[in-house]
Amino acid sequence: MIRYLYADQLDQHPTLRDSMFRDRADQFKTRLGWDVDIDEDGFERDQYDALNPLYVIWENADGSHGGSMRFLPTTGRTMINEHFTDILGGGTITSPLIWECTRFCLSRGAQSKVAAALMLAGGEMMQNFDVAHFAGVFDARMVRIYRLIGSSPEVLGSTGNGRDKISVGLWEFTPDAQAKVAAKAGLSLELSRLWFNRAFGTTSEQPLAQAG
């Protein structure tokens with residue numbers, strides 16, 4: 001199932017929290033070789049985890065992490081605006097209608113539907129928080145994954161070549177894309193909305209006060 005949790009809520013779900021940060025270490029450090037810090041608990045965390053971001057997490061039946069994404073509004077501090085403005089020609093992305101998505105992570109052995117389920121959950125956020133786009137940095141390997149899911153971004157800029165290519169993109173979520181992603185995830189739109197409503201209720205008020 002999908003859970004929507006702010007950082008200050010993670011302690012209520014210790015198994016989910018710990019396995020998420022360990023899976024991030026496994027994916028970004030071990031498998032991808034990124035220059036990220038791993039603490040004594042085997043967790044991968046950075047300065048943006050301290051800003052009370054909103055995590056969208058696929059929780060396995062045993063309570064462990066299957067996949068996740070991290071979100072922050074671009075009206076506050078973001079990774080793109082502090083580390084990747086060169087890709088944007090020196091510009092920044094700052095808008096109440098745009099949130100940044102980072103740390104897209106899948107656990108080893110995660111079912112193929114998990115990535116699509118996360119994207120579907122992102123669409124719920126867009127529709128219910130009145131967010132027009134998500135912004136994110138992605139590498140070349142993710143292009144195929146996004147295409148398979150049915151949710152490819154508009155590329156704003158890129159640097160590097162081949163497998164080392166890094167891009168900044170914007171995602172929107174149209175009804176057509178929603179239907180395609182839901183089919184890939186094997187989930188009904190009703191179930192997706194139920195999980196969202198369990199976290200936030202049925203109002204569409206954007207909970208920006210939680211972030212930052």
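The legends below describe several views of one predicted protein model. Residues are numbered from 1 along each chain as its sequence is written, and side-chain values use heavy atoms, with hydrogens and water left out. Local features need pLDDT of at least 70 and side-chain atom pairs count only at pLDDT 80 or more, whereas totals for chains, interfaces and linings use all residues.

**Figure 1. The fold of the protein chain.** Six helices and seven strands make up the secondary structure; helices (H or I, at least four residues) and strands (E, at least two) are DSSP runs, numbered from the N terminus. Read from the N terminus, the order of elements is β-α-β-β-α-β-α-β-α-β-β-α-α. The protein chain is as compact as a globular protein of 212 residues, because its radius of gyration, 16 Å, is close to the 17 Å of the globule rule. That radius is taken over C-alpha atoms, and the rule is 2.2 Å times the number of residues to the power 0.38. Along the principal axes, the C-alpha atoms fill a box of roughly 40 × 40 × 35 Å.

**Figure 2. The salt bridge between D11 and R17.** A salt bridge is a side-chain nitrogen of Lys or Arg within 4 Å of a carboxyl oxygen of Asp or Glu, and the model has 16 salt bridges by this rule. In one of them, the side chains of D11 and R17 meet with an N to O distance of 2.7 Å. Buried means under 20% relative accessible area, exposed over 50%, and partly exposed in between (1.4 Å probe, protein chains only). D11 counts as exposed because its relative accessibility is 58%, while R17, at 19%, counts as buried.

Figure 3. R70 forms a salt bridge with D46, with the closest N and O atoms 2.7 Å apart. This pair links distant parts of the chain: R70 belongs to strand β3 (residues 65-73), and D46 to the loop between α1 (14-31) and β2 (54-59), 24 residues apart. Both R70 and D46 are buried. R70 also forms a salt bridge with D49, at 3.1 Å between the closest N and O atoms. D49 lies in the loop between α1 and β2, 21 residues apart from R70, and both of these residues are buried. Through shared partners, salt bridges join R24, E44, D46, D49, R70 and R103 into one network.

**Figure 4. Burial and contacts in the protein chain.** Of the 212 residues, 50% are buried. Contact means heavy atoms within 4.5 Å. Among contacts between residues at least 6 apart in sequence, 70% join residues at least 24 apart.
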